[in-house]
Amino acid sequence: MRDVAHPVDYRPLVTAVIVTYRSHALLEAMCTTLRCFDHAVVVDNASSDGLLDDLRNRFTGPTHLQCVPSPANLGYGAGNNLGMRHVRTPYALILNPDARITETDIAALVAAAEQFPRSAIVGARIETDLGVAETSYDWTYKPDPPPRPYVEPQGLLSTRWLYGCCLLVRKEAFDALGGFDERFFMYYEEFDLCGRAVDAGFDVLLQPAARVVHRASSSSAPSLRTRFLKDLHWSRSKRRYMEKLGLVSRRPLRAALRSLTLLAAGLLYFTLLQGRRGMKMLARAAAEID
């Protein structure tokens with residue numbers, strides 16, 4: 001696919017959708033991001049940290065901002081589904097609260113979507129404090145992929161997987177797909193949405209000319225509880241996603257035995273003073289139990 005060189009006036013076409021949870025520390029950075037849009041929706045997942053009130057008071061600019069409080073912590077997918085119900089523009093840019101993007105990058109994403117009307121989702125090159133998110137260009141899904149050389153894409157290309165911290169979605173296609181599968185609380189729901197889009201005959205595109213900086217894990221304060229919950233949701237979502245792909249089947253007895261094995265491994269790591277590994281094993285043990 002060739003790159004799109006011509007500029008596009010994206011502002012009337014796009015609504016920013018951001019879901020937050022205890023993200024008050026990111027208030028000023030979010031205000032900077034929101035000023036790139038004429039329309040924005042911020043959904044707060046019952047944080048009770050005053051973010052929405054401070055956002056209304058501090059945010060100034062031409063953006064039409066809708067602040068949507070959620071009565072409960074709905075997670076990533078359901079929270080974005082709630083935000084998408086308030087979108088009235090042809091496109092929505094789903095962003096993590098700790099993702100940074102410029103007007104030039106937004107315009108590149110919209111230009112790609114405009115060039116290919118069958119595109120349901122367009123993603124950007126994701127740059128994190130750990131490097132570039134490499135696997136967003138892959139057409140296959142392997143639960144534990146082997147290491148491989150990183151290949152920098154040279155232009156706009158078609159893919160099956162994109163990372164959820166920055167997704168330009170076509171509103172009509174998103175609604176036709178039924179939005180995110182809300183059985184995923186956090187993690188893998190963007191893989192699932194992209195895969196369903198491709199299976200339904202839509203295009204999923206990666207536009208490497210658009211670059212997003214994502215500070216991994218900066219939207220929540222580090223703690224053992226946070227680490228446990230993230231590992232729990234990641235393990236549970238991975239299993240559910242593999243079940244949807246038909247790579248594994250759910251067998252209660254096997255799940256119970258696996259949970260006990262992981263629990264024992266976690267306790268062993270704690271006795272060896274390896275708390276991080278122990279917490280991960282306990283989270284994976286809990287993930288086997290629905």
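**Charged pairs, core and cysteines**

Colleague: How does E127 count at 22% relative accessibility?

Modeller: E127 counts as partly exposed, because 22% is not under the 20% limit for buried. Bear in mind that this is a predicted model.

Colleague: Which side chain does E127 meet in a salt bridge?

Modeller: That of R211, with N and O 3.2 Å apart. E127 is in strand β6 (residues 119-128) and R211 in strand β10 (residues 203-214), so the pair ties together parts 84 residues apart in sequence. R211 is partly exposed too, at 40% relative accessible area.

Colleague: How many salt bridges turn up in the whole structure?

Modeller: The search finds 13. One of them joins the side chains of R160 and D199, at 3.0 Å from N to O. This pair also links distant parts of the chain: R160 sits in the loop between β8 and β9, D199 in helix α6 (residues 189-199), and 39 residues separate them.

Colleague: R160 and D199, buried or exposed?

Modeller: R160 counts as buried, at 15% relative accessibility. D199 is exposed, with a relative accessible area of 60%.

Colleague: What does R196 pair with?

Modeller: R196 forms a salt bridge with D192, and their closest N and O atoms are 2.9 Å apart. Both residues lie in helix α6, four residues apart, or about one turn of the helix. D192 is buried at 5% relative accessible area, while R196 counts as partly exposed at 22%. The pair belongs to a network in which salt bridges with shared partners join D181, R183, D192, R196 and K244.

Colleague: Changing topic. How many residues are in the largest nonpolar core?

Modeller: That core has 40 residues, and L93, L109, C166 and L168 have the most contacts inside it. Helix α4 (residues 103-115) supplies the largest share, seven residues.

Colleague: What is L168 in contact with, leaving out its neighbours within four places in sequence?

Modeller: L168 is in contact with V14, Y91, A92, L93, L109, V110, A113, A120, I121 and V122. Apart from this core lies another one, of 22 residues, including I94, L167, L193 and L206.

Colleague: And C165, where does that lie?

Modeller: C165 is in the loop between β8 (157-158) and β9 (166-170). It counts as buried, at 5% relative accessibility. Beyond four places in sequence, C165 touches I94, L95, N96, A99, I126 and H214. From C165 to E190 is 25 residues in sequence and 9.1 Å in space, C-alpha to C-alpha.

Colleague: C31 and C67, buried or exposed?

Modeller: Both are buried: C31 has a relative accessible area of 1%, and C67 has 16%.

Colleague: Last one. What should helix α9 span at 1.5 Å a residue?

Modeller: Helix α9 (residues 275-287) has 13 residues and should span 18 Å. Its end C-alpha atoms are 18 Å apart, which agrees.

Colleague: Which residues of α9 are buried?

Modeller: G278, M279, M281, A283, A285 and A287.

Technical notes. Residues numbered from 1 in each chain as written. Predicted model: local features only at pLDDT ≥ 70, side-chain atom pairs only at ≥ 80, totals over all residues. Heavy atoms only, no water. Helix = DSSP H or I, 4+ residues; strand = E, 2+ residues; numbered from the N terminus. Expected span 1.5 Å × (residues − 1). Buried < 20%, exposed > 50% of the residue type's maximum accessible area, 1.4 Å probe, protein only. Contact = heavy atoms within 4.5 Å. Core = buried A, V, L, I, M, F, W, Y, C linked by side-chain atoms within 4.5 Å. Salt bridge = Lys/Arg side-chain N within 4 Å of Asp/Glu carboxyl O.
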